[in-house]
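Trainee: I'm new to this one. Could you walk me through how to read a few of its features?

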Amino acid sequence: MIEACILSVDDFYKIELENLFKDNLEIFINTNPIEICKIFNKYLPSISIEILNLQDSLNKYYYIKELIDLEKQSALSFPLSKDIKFEYIKLLNEYEKSKMKGYILSLDESLIDFEKLIYFLKQNRLRNIVYEIYKKDRKYEEALREVIAELNSIGDELIEKLDSDENTAEKDAKLLNNNNDDYYKDIELKLWDYLIMGFDVCEEYQKFERSNIHNGTSKKNKKELTKSESMLLLITETNVKLFIRVNRRLIDNINNEPELLTDEKDKTEVEAQNVNDTADKLIDNDIKLTLTQSKIIGLIKRLVQDSFYNLINLQGKLSPILNFQDSQSILDSIKRKNGNNDSFLRIFSEFLNRSSSKVTTLGDVRSILNEIFLAYSCEENILGLSLKLLNEDIYKEIEFLESKEYAGWSLNNLECEICGKKIWGSHINNKIFELWQDANFTGIKSNSETKDFEIVVFRCRHGYHTKCLHGMGVSKDNLLCVLCRSDS
């Protein structure tokens with residue numbers, strides 16, 4: 001009807017008709033935003049610019065979505081403005097968030113207000129998309145900064161949870177009844193998503209860095225950290241700091257306020273002693289934590305563990321280190337066991353040096369590092385034990401095969417006594433050997449393929465194809481040599 005109306009009006013009245021549509025745009029679009037969009041695009045494209053003034057966000061979304069689709073089909077009558085594209089991104093965030101990242105990454109920076117977009121994404125905690133934008137443009141350090149910012153935001157959120165915890169059994173029961181586990185599962189997914197993103201961008205920059213060194217465009221100083229190594233150190237330190245913040249807040253919450261003492265010096269000493277005692281008890285699991293406390297501290301511990309695992313796996317496997325007392329003994333042990341892993345040594349050495357000065361003390365993450373080293377020790381022991389068992393099994397198999405070879409009956413002839421075809425020896429059909437191999441690997445000794453090649457050897461040293469014996473009337477249940485009538 002609208003299309004017919006537009007076609008029936010001559011050019012003189014078309015401007016008036018266009019103004020009528022603009023003034024009543026909300027009413028017309030409410031009928032069918034997609035169809036109205038197609039009509040306006042075809043006959044009155046200038047009306048579409050007014051879409052930004054629409055009040056109904058859902059109809060606005062459908063209308064702009066159709067404009068985007070028409071643009072993809074090269075059927076749009078006018079170029080979409082940056083404002084319309086930005087409005088579409090905002091509406092995607094509201095109605096179809098799953099399509100948001102794909103659309104943004106498909107845009108050229110010149111087609112969108114980039115600074116405005118980045119600000120919007122950060123305000124809406126969509127740093128994962130900001131990360132992808134920077135990564136696509138090879139802005140690796142900016143991408144890592146977004147990862148770190150989001151990890152810190154999640155840390156702030158968890159600390160708020162700790163502060164609001166009521167530390168009672170009733171509170172724990174309430175949390176369980178309210179399916180609070182879903183919250184922690186979501187937080188865990190976000191933490192690990194950003195952890196993986198952080199190490200991914202470091203690895204990508206590392207490849208880029210190595211290609212430059214290989215091409216001679218940059219030089220590598222073995223004593224100093226490369227840019228990628230500094231980035232790896234930064235992501236690891238961020239997660240360690242997060243653990244320290246959560247752990248210390250937990251200790252403060254457990255200790256509450258120390259008793260009031262007249263001497264300020266005595267008060268400080270009591271506070272320090274309480275902190276140390278509580279930290280030791282936490283490491284030894286001597287303090288009963290609430291459900292909230294145990295979930296949060298468990299999450300952050302695993303995050304730090306995985307940070308070191310990723311660092312180790314990216315830079316080379318770390319040999320197990322046990323019974324370490326200080327940072328130097330750890331380094332000495334690593335050097336003895338991991339001489340070729342210079343990159344990891346540089347990162348770890350710098351981590352320990354910075355820990356002692358401005359990041360944290362090694363004692364704060366003693367339990368985490370200990371678990372990592374114990375885990376790798378366990379892994380190496382398991383691998384060693386598996387190899388030992390495997391070697392023993394192989395030896396037993398070889399010993400068994402040799403005994404069978406020596407104990408076996410040798411044939412008078414290498415041919416079947418009935419059909420005359422070879423059944424053993426160097427010139428046997430390759431197919432027979434392949435089937436024999438398969439039977440040994442699978443444990444299936446007989447199937448439709450093997451039936452034609454099955455043989456029987458008697459003590460009299462005569463050999464036959466099983467099917468040839470059956471052809472001579474010898475049954476499977478009563479096998480005997482047809483030449484000497486022996487059944488052995």
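Trainee: Where do K90 and E87 lie, and how many residues apart are they?

Mentor: Both K90 and E87 are in helix 6, three residues apart, which is about one turn of the helix. Helices here are DSSP runs of H or I with at least four residues, numbered from the N terminus. Before we go on: this is a predicted model, where local features need pLDDT of at least 70, side-chain atom pairs count only at pLDDT 80 or more, and totals for chains, interfaces and linings use all residues. Residues are numbered from 1 along each chain as its sequence is written, and side-chain values use heavy atoms, with hydrogens and water left out.

Trainee: What do K90 and E87 form?

Mentor: The general idea is that side chains of opposite charge can pair when their charged atoms come close. K90 and E87 form a salt bridge, their closest N and O atoms being 3.7 Å apart. The rule asks for a side-chain nitrogen of Lys or Arg within 4 Å of a carboxyl oxygen of Asp or Glu. The whole structure has 19 salt bridges.

Trainee: Is E87 buried or exposed?

Mentor: E87 counts as buried because its relative accessibility is 15%, while K90, at 34%, is partly exposed. Buried means under 20% relative accessible area, exposed over 50%, and partly exposed in between, using a 1.4 Å probe and protein chains only.

Trainee: Which parts of the chain do K122 and E146 link?

Mentor: K122 forms a salt bridge with E146, the closest N and O atoms being 3.3 Å apart. This pair links distant parts of the chain, with K122 in helix 8 and E146 in helix 10 (residues 140–164), 24 residues apart. Both belong to a network of salt bridges, which also includes R125 and R127.

Trainee: What is the phi of R125 near?

Mentor: First the background: most residues other than glycine have a negative phi. R125 has a positive one, near 55 degrees, and sits in the loop between helix 8 and helix 9. S74, also not a glycine, has a positive phi of about 60 degrees; its place is the loop between helix 5 and helix 6 (82–95).

Trainee: How many cavities of 30 Å³ or more are there?

Mentor: Rolling a probe the size of a water molecule over the atoms shows where empty space is left. The count is two, and the largest cavity holds about 80 Å³ of space. A cavity is a set of points on a 1 Å grid over the protein atoms alone where a 1.4 Å probe fits but cannot get out; lining residues have an atom within 4 Å of a point. Grid points are joined across faces, edges and corners, and the volume is the space filled by probe spheres set on them. Among the residues lining the largest cavity are I104, D108 and F114.

Conventions
1 Å grid on protein atoms, 1.4 Å probe; cavity = no way out; pocket = protein on both sides within 12 Å on 5 of 7 lines; lining within 4 Å. Helix = DSSP H or I, 4+ residues; strand = E, 2+ residues; numbered from the N terminus.
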